[in-house]
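User: Hey, can we go through the pockets in this one? Show me the model first, please.
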Amino acid sequence: MNRHSRIAGTGSALPERIVTNEQLSREMAERGLETSDQWIAERTGIRQRHIAAPEVSASMLATQAAREAIAAAGVSAEAVDLLIVATSTPDYVFPSTACLVQKALGIAGGAAFDVQAVCSGFVYGLATADAMIRTGMASCALVIGAEVFSRILDWNDRGTCVLFGDGAGAVLLTAADRPGILASKLHADGRYENILRTAGNVCGGGITGHPFLTMDGQAVFKLAVSTLDSVARETVAQAGLELSDIDWLIPHQANLRIIQATGRRLGVPIERVIVTVDQHANTSAASIPLALDQAVRDGRIKPGDKVLMEGVGGGFTWGAVLAQM
Ligand code: UT7
(Lines give C-alpha, C1' and ligand atoms only; values in the text may rest on other atoms or scores of the structure.)
Protein backbone atom coordinates (compact mmCIF):
# COMPACT_ATOMS: atom_id res chain seq x y z
CA MET A 1 0.00 0.00 0.00
CA ASN A 2 1.35 3.42 -0.92
CA ARG A 3 1.97 5.85 1.89
CA HIS A 4 0.76 9.42 1.45
CA SER A 5 0.29 12.54 3.54
CA ARG A 6 -2.84 14.59 3.96
CA ILE A 7 -3.85 17.84 5.64
CA ALA A 8 -5.90 16.91 8.71
CA GLY A 9 -6.25 20.35 10.30
CA THR A 10 -5.42 24.03 9.88
CA GLY A 11 -4.96 26.94 12.27
CA SER A 12 -3.87 30.55 12.40
CA ALA A 13 -2.88 33.41 14.68
CA LEU A 14 -3.03 37.16 14.11
CA PRO A 15 -1.80 39.85 16.50
CA GLU A 16 -4.64 41.86 18.06
CA ARG A 17 -3.52 45.27 16.82
CA ILE A 18 -4.88 46.19 13.39
CA VAL A 19 -3.31 49.15 11.60
CA THR A 20 -5.40 50.49 8.72
CA ASN A 21 -3.89 52.33 5.75
CA GLU A 22 -5.44 55.54 7.11
CA GLN A 23 -3.76 55.09 10.50
CA LEU A 24 -0.44 54.19 8.92
CA SER A 25 -0.61 57.20 6.59
CA ARG A 26 -1.24 59.51 9.57
CA GLU A 27 1.67 57.99 11.55
CA MET A 28 3.97 58.27 8.53
CA ALA A 29 2.91 61.90 7.90
CA GLU A 30 4.13 62.73 11.42
CA ARG A 31 7.56 61.50 10.29
CA GLY A 32 7.36 63.57 7.09
CA LEU A 33 6.54 60.61 4.80
CA GLU A 34 3.79 60.99 2.23
CA THR A 35 1.48 58.05 1.50
CA SER A 36 -2.25 57.44 1.40
CA ASP A 37 -4.92 54.77 1.68
CA GLN A 38 -5.63 55.38 -2.01
CA TRP A 39 -2.01 54.75 -3.12
CA ILE A 40 -1.63 51.62 -1.00
CA ALA A 41 -5.04 50.18 -1.95
CA GLU A 42 -4.71 50.90 -5.68
CA ARG A 43 -1.14 49.61 -6.05
CA THR A 44 -1.38 46.60 -3.71
CA GLY A 45 -4.97 45.86 -2.64
CA ILE A 46 -3.84 46.14 1.00
CA ARG A 47 -6.32 47.87 3.36
CA GLN A 48 -4.90 46.92 6.76
CA ARG A 49 -2.30 44.76 8.49
CA HIS A 50 -1.89 43.17 11.94
CA ILE A 51 1.17 44.31 13.89
CA ALA A 52 2.56 42.31 16.81
CA ALA A 53 3.12 43.94 20.21
CA PRO A 54 6.82 44.26 21.12
CA GLU A 55 6.72 41.25 23.45
CA VAL A 56 5.12 38.93 20.87
CA SER A 57 7.54 36.73 18.90
CA ALA A 58 7.24 34.50 15.84
CA SER A 59 7.33 31.40 18.06
CA MET A 60 4.36 32.69 20.10
CA LEU A 61 2.24 33.25 17.00
CA ALA A 62 3.42 29.90 15.61
CA THR A 63 2.45 28.09 18.81
CA GLN A 64 -1.05 29.62 18.78
CA ALA A 65 -1.58 28.61 15.13
CA ALA A 66 -0.18 25.12 15.84
CA ARG A 67 -2.59 24.60 18.75
CA GLU A 68 -5.53 25.44 16.48
CA ALA A 69 -4.31 23.04 13.77
CA ILE A 70 -3.82 20.24 16.31
CA ALA A 71 -7.33 20.82 17.72
CA ALA A 72 -8.88 20.94 14.24
CA ALA A 73 -7.20 17.64 13.34
CA GLY A 74 -8.36 16.04 16.59
CA VAL A 75 -4.95 14.55 17.37
CA SER A 76 -2.89 14.93 20.52
CA ALA A 77 0.21 17.13 20.45
CA GLU A 78 2.29 14.08 21.53
CA ALA A 79 1.59 12.51 18.13
CA VAL A 80 3.61 15.22 16.35
CA ASP A 81 6.96 13.71 15.33
CA LEU A 82 8.03 16.44 12.89
CA LEU A 83 7.75 20.19 13.39
CA ILE A 84 8.80 22.61 10.65
CA VAL A 85 8.59 26.38 11.02
CA ALA A 86 9.05 28.53 7.92
CA THR A 87 10.19 31.98 8.99
CA SER A 88 12.54 34.82 8.07
CA THR A 89 11.93 36.53 11.41
CA PRO A 90 12.96 33.84 13.93
CA ASP A 91 13.06 34.58 17.67
CA TYR A 92 16.81 33.94 17.77
CA VAL A 93 19.82 33.18 15.58
CA PHE A 94 19.49 29.81 17.33
CA PRO A 95 17.89 27.63 18.63
CA SER A 96 15.38 27.33 15.82
CA THR A 97 11.88 28.74 16.21
CA ALA A 98 10.66 25.17 15.65
CA CYS A 99 12.43 24.00 18.84
CA LEU A 100 10.83 26.87 20.78
CA VAL A 101 7.39 25.91 19.47
CA GLN A 102 8.01 22.26 20.33
CA LYS A 103 8.83 23.27 23.91
CA ALA A 104 5.79 25.59 24.15
CA LEU A 105 3.54 22.74 22.98
CA GLY A 106 4.96 20.57 25.78
CA ILE A 107 6.30 17.88 23.45
CA ALA A 108 9.79 16.51 22.82
CA GLY A 109 11.74 13.96 20.83
CA GLY A 110 10.47 14.49 17.27
CA ALA A 111 12.46 16.34 14.60
CA ALA A 112 12.14 20.14 14.67
CA PHE A 113 13.79 22.66 12.35
CA ASP A 114 13.24 25.97 10.58
CA VAL A 115 13.00 26.47 6.85
CA GLN A 116 14.37 29.69 5.38
CA ALA A 117 12.85 30.30 1.97
CA VAL A 118 11.25 33.66 2.79
CA CYS A 119 7.73 33.97 1.28
CA SER A 120 8.04 30.50 -0.31
CA GLY A 121 8.91 29.00 3.08
CA PHE A 122 5.52 27.45 3.78
CA VAL A 123 5.37 25.51 0.50
CA TYR A 124 9.00 24.48 1.00
CA GLY A 125 8.09 23.20 4.47
CA LEU A 126 4.94 21.46 3.29
CA ALA A 127 6.74 19.70 0.40
CA THR A 128 9.51 18.61 2.80
CA ALA A 129 7.07 17.27 5.40
CA ASP A 130 5.13 15.41 2.69
CA ALA A 131 8.34 13.78 1.42
CA MET A 132 9.36 12.80 4.96
CA ILE A 133 5.96 11.27 5.67
CA ARG A 134 5.85 9.38 2.38
CA THR A 135 9.30 7.89 3.03
CA GLY A 136 8.35 6.86 6.56
CA MET A 137 10.63 9.33 8.38
CA ALA A 138 7.63 10.93 10.08
CA SER A 139 3.94 10.24 10.47
CA CYS A 140 2.46 13.41 11.96
CA ALA A 141 3.89 16.79 11.01
CA LEU A 142 3.17 20.36 11.95
CA VAL A 143 4.10 22.79 9.20
CA ILE A 144 3.91 26.42 10.28
CA GLY A 145 4.57 29.74 8.58
CA ALA A 146 5.16 32.44 11.21
CA GLU A 147 6.42 35.98 10.81
CA VAL A 148 6.90 39.27 12.64
CA PHE A 149 8.01 41.14 9.53
CA SER A 150 7.25 44.46 11.26
CA ARG A 151 10.61 43.95 13.06
CA ILE A 152 12.69 44.09 9.88
CA LEU A 153 10.87 46.96 8.17
CA ASP A 154 12.43 50.38 7.77
CA TRP A 155 9.45 52.50 8.86
CA ASN A 156 11.04 55.44 7.04
CA ASP A 157 10.95 53.62 3.67
CA ARG A 158 7.47 54.18 2.29
CA GLY A 159 8.22 51.84 -0.63
CA THR A 160 8.31 48.80 1.67
CA CYS A 161 6.86 49.53 5.14
CA VAL A 162 3.26 49.75 3.90
CA LEU A 163 3.41 46.27 2.36
CA PHE A 164 3.90 43.82 5.22
CA GLY A 165 2.16 42.48 8.32
CA ASP A 166 2.61 39.90 11.10
CA GLY A 167 0.88 36.54 11.66
CA ALA A 168 1.13 32.76 11.56
CA GLY A 169 -0.67 29.87 9.89
CA ALA A 170 -0.28 26.14 10.44
CA VAL A 171 -1.31 22.79 9.02
CA LEU A 172 -1.20 19.39 10.61
CA LEU A 173 -0.17 16.73 8.10
CA THR A 174 -0.74 13.03 8.84
CA ALA A 175 0.19 9.80 7.11
CA ALA A 176 -2.70 8.45 5.05
CA ASP A 177 -3.44 5.67 2.59
CA ARG A 178 -4.88 8.13 0.07
CA PRO A 179 -3.37 11.44 -1.09
CA GLY A 180 -3.46 14.15 0.33
CA ILE A 181 -0.62 16.01 -1.20
CA LEU A 182 -0.86 15.27 -4.94
CA ALA A 183 2.28 17.03 -6.21
CA SER A 184 4.95 19.55 -5.18
CA LYS A 185 7.56 21.58 -7.08
CA LEU A 186 10.26 23.76 -5.52
CA HIS A 187 12.71 26.14 -7.21
CA ALA A 188 15.29 28.80 -6.42
CA ASP A 189 17.61 31.09 -8.37
CA GLY A 190 20.21 32.73 -6.14
CA ARG A 191 21.33 35.04 -8.94
CA TYR A 192 18.38 37.23 -7.90
CA GLU A 193 19.37 37.34 -4.19
CA ASN A 194 19.73 41.13 -4.28
CA ILE A 195 16.21 42.12 -5.45
CA LEU A 196 14.57 41.30 -2.10
CA ARG A 197 16.61 40.88 1.05
CA THR A 198 17.46 41.78 4.60
CA ALA A 199 21.23 41.69 4.28
CA GLY A 200 22.17 42.00 7.94
CA ASN A 201 23.14 39.79 10.87
CA VAL A 202 24.61 39.88 14.34
CA CYS A 203 28.38 39.99 14.68
CA GLY A 204 30.71 40.70 17.58
CA GLY A 205 27.88 41.93 19.76
CA GLY A 206 26.39 44.32 17.20
CA ILE A 207 24.59 44.43 13.90
CA THR A 208 26.55 43.79 10.74
CA GLY A 209 25.21 44.77 7.32
CA HIS A 210 21.75 46.25 6.83
CA PRO A 211 19.07 45.01 9.25
CA PHE A 212 16.06 46.23 7.22
CA LEU A 213 14.22 44.74 4.27
CA THR A 214 15.12 46.23 0.88
CA MET A 215 13.36 45.48 -2.38
CA ASP A 216 13.40 46.26 -6.08
CA GLY A 217 9.59 46.17 -6.27
CA GLN A 218 9.23 46.07 -10.03
CA ALA A 219 11.82 43.32 -10.52
CA VAL A 220 10.09 41.23 -7.83
CA PHE A 221 6.69 41.92 -9.39
CA LYS A 222 7.75 40.67 -12.84
CA LEU A 223 9.52 37.57 -11.55
CA ALA A 224 6.60 36.75 -9.25
CA VAL A 225 4.05 36.83 -12.08
CA SER A 226 6.12 34.60 -14.38
CA THR A 227 7.20 32.05 -11.74
CA LEU A 228 3.72 31.74 -10.18
CA ASP A 229 2.44 30.94 -13.67
CA SER A 230 5.11 28.37 -14.57
CA VAL A 231 5.18 26.53 -11.23
CA ALA A 232 1.38 26.21 -11.16
CA ARG A 233 1.43 24.56 -14.59
CA GLU A 234 4.33 22.25 -13.66
CA THR A 235 2.73 21.12 -10.40
CA VAL A 236 -0.69 20.43 -11.90
CA ALA A 237 0.96 18.50 -14.78
CA GLN A 238 3.01 16.45 -12.31
CA ALA A 239 -0.25 15.37 -10.65
CA GLY A 240 -1.61 14.34 -14.06
CA LEU A 241 -4.33 16.98 -13.85
CA GLU A 242 -5.46 20.05 -15.79
CA LEU A 243 -5.68 23.60 -14.46
CA SER A 244 -9.47 23.30 -14.85
CA ASP A 245 -9.42 20.51 -12.21
CA ILE A 246 -8.27 22.96 -9.53
CA ASP A 247 -11.02 24.04 -7.12
CA TRP A 248 -9.06 26.76 -5.29
CA LEU A 249 -5.91 28.73 -5.96
CA ILE A 250 -3.99 30.19 -3.00
CA PRO A 251 -1.11 32.29 -4.31
CA HIS A 252 1.27 34.06 -1.94
CA GLN A 253 -0.48 37.19 -0.70
CA ALA A 254 1.87 40.05 -1.62
CA ASN A 255 -0.08 42.24 -4.01
CA LEU A 256 -3.62 41.96 -5.38
CA ARG A 257 -2.37 42.88 -8.85
CA ILE A 258 0.04 39.90 -8.81
CA ILE A 259 -2.76 37.62 -7.56
CA GLN A 260 -5.20 38.83 -10.24
CA ALA A 261 -2.58 38.51 -13.01
CA THR A 262 -1.79 34.95 -11.86
CA GLY A 263 -5.44 33.93 -11.85
CA ARG A 264 -5.98 35.49 -15.29
CA ARG A 265 -2.93 33.79 -16.86
CA LEU A 266 -3.92 30.41 -15.40
CA GLY A 267 -7.58 30.79 -16.37
CA VAL A 268 -8.75 30.48 -12.74
CA PRO A 269 -11.70 32.83 -12.11
CA ILE A 270 -11.12 35.29 -9.25
CA GLU A 271 -14.02 33.71 -7.26
CA ARG A 272 -11.84 30.57 -7.05
CA VAL A 273 -8.80 32.48 -5.78
CA ILE A 274 -8.43 32.97 -2.02
CA VAL A 275 -7.50 36.59 -1.27
CA THR A 276 -6.49 37.84 2.18
CA VAL A 277 -3.89 40.45 1.22
CA ASP A 278 -6.50 43.18 1.83
CA GLN A 279 -6.78 42.17 5.53
CA HIS A 280 -3.34 40.79 6.36
CA ALA A 281 -0.99 42.54 3.88
CA ASN A 282 2.09 40.45 3.03
CA THR A 283 2.88 38.12 5.94
CA SER A 284 5.63 36.31 4.00
CA ALA A 285 5.78 32.60 4.98
CA ALA A 286 2.52 32.94 6.93
CA SER A 287 0.43 34.24 4.06
CA ILE A 288 -0.56 30.94 2.43
CA PRO A 289 -1.47 28.98 5.59
CA LEU A 290 -3.36 32.03 6.93
CA ALA A 291 -5.41 32.18 3.71
CA LEU A 292 -5.92 28.40 3.73
CA ASP A 293 -7.16 28.42 7.32
CA GLN A 294 -9.54 31.30 6.66
CA ALA A 295 -11.11 29.57 3.65
CA VAL A 296 -11.37 26.22 5.44
CA ARG A 297 -13.02 27.81 8.48
CA ASP A 298 -15.50 29.93 6.48
CA GLY A 299 -16.56 26.81 4.56
CA ARG A 300 -15.32 27.75 1.09
CA ILE A 301 -12.70 24.98 0.99
CA LYS A 302 -14.42 21.63 1.61
CA PRO A 303 -13.17 18.06 2.07
CA GLY A 304 -12.19 16.63 -1.32
CA ASP A 305 -11.41 20.03 -2.87
CA LYS A 306 -8.16 20.38 -4.83
CA VAL A 307 -6.20 23.37 -3.58
CA LEU A 308 -3.14 24.72 -5.36
CA MET A 309 -0.90 26.72 -3.01
CA GLU A 310 1.98 28.67 -4.52
CA GLY A 311 4.70 30.74 -2.94
CA VAL A 312 7.25 33.16 -4.30
CA GLY A 313 9.80 35.34 -2.56
CA GLY A 314 13.31 36.30 -1.59
CA GLY A 315 16.17 34.09 -2.60
CA PHE A 316 14.72 34.17 -5.26
CA THR A 317 12.53 31.17 -4.39
CA TRP A 318 9.27 29.80 -5.68
CA GLY A 319 7.25 26.61 -5.41
CA ALA A 320 3.81 25.04 -5.29
CA VAL A 321 1.97 22.24 -3.52
CA LEU A 322 -1.25 20.73 -4.82
CA ALA A 323 -3.35 19.24 -2.03
CA GLN A 324 -6.63 17.39 -2.02
CA MET A 325 -8.35 18.25 1.24
O1 UT7 B 1 6.74 38.58 -1.04
C2 UT7 B 1 7.18 39.18 -2.21
C3 UT7 B 1 7.44 40.58 -1.81
N4 UT7 B 1 7.15 41.65 -2.61
C5 UT7 B 1 6.32 41.80 -3.64
O6 UT7 B 1 5.69 40.92 -4.15
C7 UT7 B 1 6.20 43.18 -4.15
C8 UT7 B 1 6.22 43.25 -5.64
N9 UT7 B 1 6.12 44.60 -6.09
C10 UT7 B 1 5.04 45.38 -5.89
O11 UT7 B 1 4.07 44.93 -5.31
C12 UT7 B 1 5.03 46.77 -6.46
O13 UT7 B 1 6.17 46.95 -7.26
C14 UT7 B 1 4.97 47.87 -5.38
C15 UT7 B 1 3.63 47.83 -4.70
C16 UT7 B 1 6.08 47.64 -4.36
C17 UT7 B 1 5.16 49.23 -6.01
O18 UT7 B 1 4.20 49.46 -7.00
P19 UT7 B 1 4.62 50.06 -8.40
O20 UT7 B 1 3.39 50.21 -9.17
O21 UT7 B 1 5.70 49.19 -8.96
O22 UT7 B 1 5.16 51.49 -7.98
P23 UT7 B 1 6.62 52.10 -8.17
O24 UT7 B 1 7.62 51.41 -7.32
O25 UT7 B 1 6.90 52.24 -9.64
O26 UT7 B 1 6.39 53.54 -7.58
C27 UT7 B 1 5.53 54.48 -8.20
C28 UT7 B 1 5.60 55.79 -7.44
C29 UT7 B 1 7.02 56.26 -7.18
O30 UT7 B 1 7.02 57.66 -7.31
P31 UT7 B 1 7.59 58.35 -8.65
O32 UT7 B 1 9.00 57.87 -8.75
O33 UT7 B 1 6.72 57.84 -9.75
O34 UT7 B 1 7.45 59.80 -8.34
C35 UT7 B 1 7.25 55.90 -5.74
O36 UT7 B 1 8.18 56.76 -5.12
O37 UT7 B 1 5.00 55.63 -6.16
C38 UT7 B 1 5.87 56.11 -5.15
N39 UT7 B 1 5.65 55.37 -3.91
C40 UT7 B 1 4.69 55.71 -3.04
N41 UT7 B 1 3.78 56.70 -3.03
C42 UT7 B 1 2.93 56.76 -2.00
C43 UT7 B 1 6.29 54.27 -3.46
N44 UT7 B 1 5.76 53.88 -2.28
C45 UT7 B 1 4.77 54.75 -2.00
C46 UT7 B 1 3.85 54.88 -0.94
N47 UT7 B 1 2.94 55.88 -0.98
N48 UT7 B 1 3.82 54.01 0.10
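Analyst: One bit of sorting to begin: Ala, Val, Leu, Ile, Met, Phe, Trp, Tyr, Cys and Pro count as nonpolar, Asp, Glu, Lys and Arg as charged, and the others, Gly among them, as polar. The model is predicted, so local features need pLDDT of at least 70 and side-chain atom pairs 80 or more, while totals for chains, interfaces and linings use all residues. Numbering starts from 1 along each chain as its sequence is written, and side-chain values use heavy atoms, without hydrogens and water.
User: OK, how much space lies in the largest pocket?
Analyst: About 850 Å³. (A pocket is an open set of 1 Å grid points where a 1.4 Å probe fits, with protein on both sides within 12 Å along at least five of seven lines; lining residues have an atom within 4 Å of a point.)
User: Which residues are closest to its centre?
Analyst: Ser88, Pro90, Ile152, Thr198 and Gly200, out of 31 in the lining. By class, that lining has 16 nonpolar, ten polar and five charged residues.
User: Which domains does the lining draw from?
Analyst: Domain 1 (4-176) and domain 2 (181-324) each give at least three residues; the bounds come from an automatic or database assignment.
User: And the second largest pocket, how much space is there?
Analyst: About 660 Å³. Its lining has 30 residues, with Leu163, Met215, Gly217, Phe221 and Asn255 nearest the centre. Sorted by class, they are 14 nonpolar, eleven polar and five charged.
User: Which domains line that one?
Analyst: Domain 1 and domain 2 again, with at least three residues from each.

Terms used. Grid points are joined across faces, edges and corners, and a volume is the space filled by probe spheres set on the points.
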